Amino acid sequence: MTTLGKCKLCEQQKELQKSHAIGNAVFKKLFKTMSGKGISLSNDDKPIQYSSDSWAEPQLCKECEHFLNIEFERYSLSVLRGQKGFIKSSGGISFINIDQSKLIKYFLSVYYRAALSSQKAYSGIRIIKSHHKLLKEVFNDEGKLPSCEFHIQLSRVTDMSDEKGFSDEAIKEIISAPFCRVDTVRKGSITVCFMFEGFFVEIFVTGMRIKDRHSPGVLKRNKPILFVPYIDLFSLDGVIDLMVENLDKYEQGNHFIKD
Ligand SMILES: [Zn+2]
């Protein structure tokens, strides 16, 4: 079945591809790891389903989808999966000799596609018009991201509880739909968060305060080294809420998962 429509990146009328905000490559790996039992977490009322067909809808044309995947996603996933090397220390992991500008664009492309998606899993995610225009220019290399706009902070998720119920491998298999957090202390500060590949990703849509921009895990486009601190899985309220909610759905039989 083909879907004609206006591509949400190049804005031309074209045949649209099923676009995953969190790319197919992530879902594919998850699906393989769990031998067909990859499960994704979302806060919609749909039954829990296998992640291979989660949260996709036609949004971009083939060229634009391909462009985002080749330019940003492929590189970023190889970094995050440790294929470009990393150093472990007691406080976190360091990636060395990496191009952080590609990672920044990758995470922003996840946000962009989630915000423009009409899927319920992404319903809390919005984008303002000026950001929409700015990101389109940034992806196409027609504009630069001003240093005050959009900051991204990465943390490596690990189970720091005494029970150690979740191994690092199990944590890598958790994928959460992006959700929005509003900072109650700093009014008007909006962060879009999601978890995948064992990382907790926070996109500061309204930007970070200058003094916070040097915190560990904040991406800097001109720096070749990125230190990503560990964070405890159970400190991630949004993710834990989703896990509990989805466990409830599962127990009520609201799922397509074969036991
Ligand atoms: Zn296009």
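Q: Is C7 buried or exposed?
A: In this predicted model, local features need pLDDT of at least 70, side-chain atom pairs count only at pLDDT 80 or more, and totals for chains, interfaces and linings use all residues. Residues are numbered from 1 along each chain as its sequence is written, while side-chain values use heavy atoms, with hydrogens and water left out. Buried means under 20% relative accessible area, exposed over 50% and partly exposed in between, with a 1.4 Å probe and protein chains only. C7 has 1% relative accessibility, and therefore counts as buried.

Q: What is the arrangement of the 4 donor atoms around the zinc ion?
A: Donors are N, O and S atoms within 2.8 Å of the metal (3.2 Å for Na, K and Ca), and water is not among the atoms, so sites may look incomplete. The SG atoms of C7, C10, C61 and C64 lie 2.3 to 2.4 Å from the zinc ion. Four donors count as tetrahedral if all angles lie between 85 and 135 degrees. Because the angles subtended here are 103 to 116°, the arrangement is tetrahedral.

Q: Which spacing do the donors of the zinc ion follow along the chain?
A: The protein donors are C7, C10, C61 and C64. Written along the chain, the donors of the zinc ion follow the spacing C-x2-C-x50-C-x2-C.

Q: Which residues does K223 touch, not counting those up to four places away in sequence?
A: K223 has 47% relative accessibility and counts as partly exposed. Contact means heavy atoms within 4.5 Å. With residues up to four places away in sequence not counted, K223 touches I98 and Q100.

Technical notes
Four donors count as tetrahedral if all angles lie between 85 and 135 degrees; four count as square planar and six as octahedral if opposite donors are over 155 degrees apart and all others between 65 and 115; anything else is irregular.
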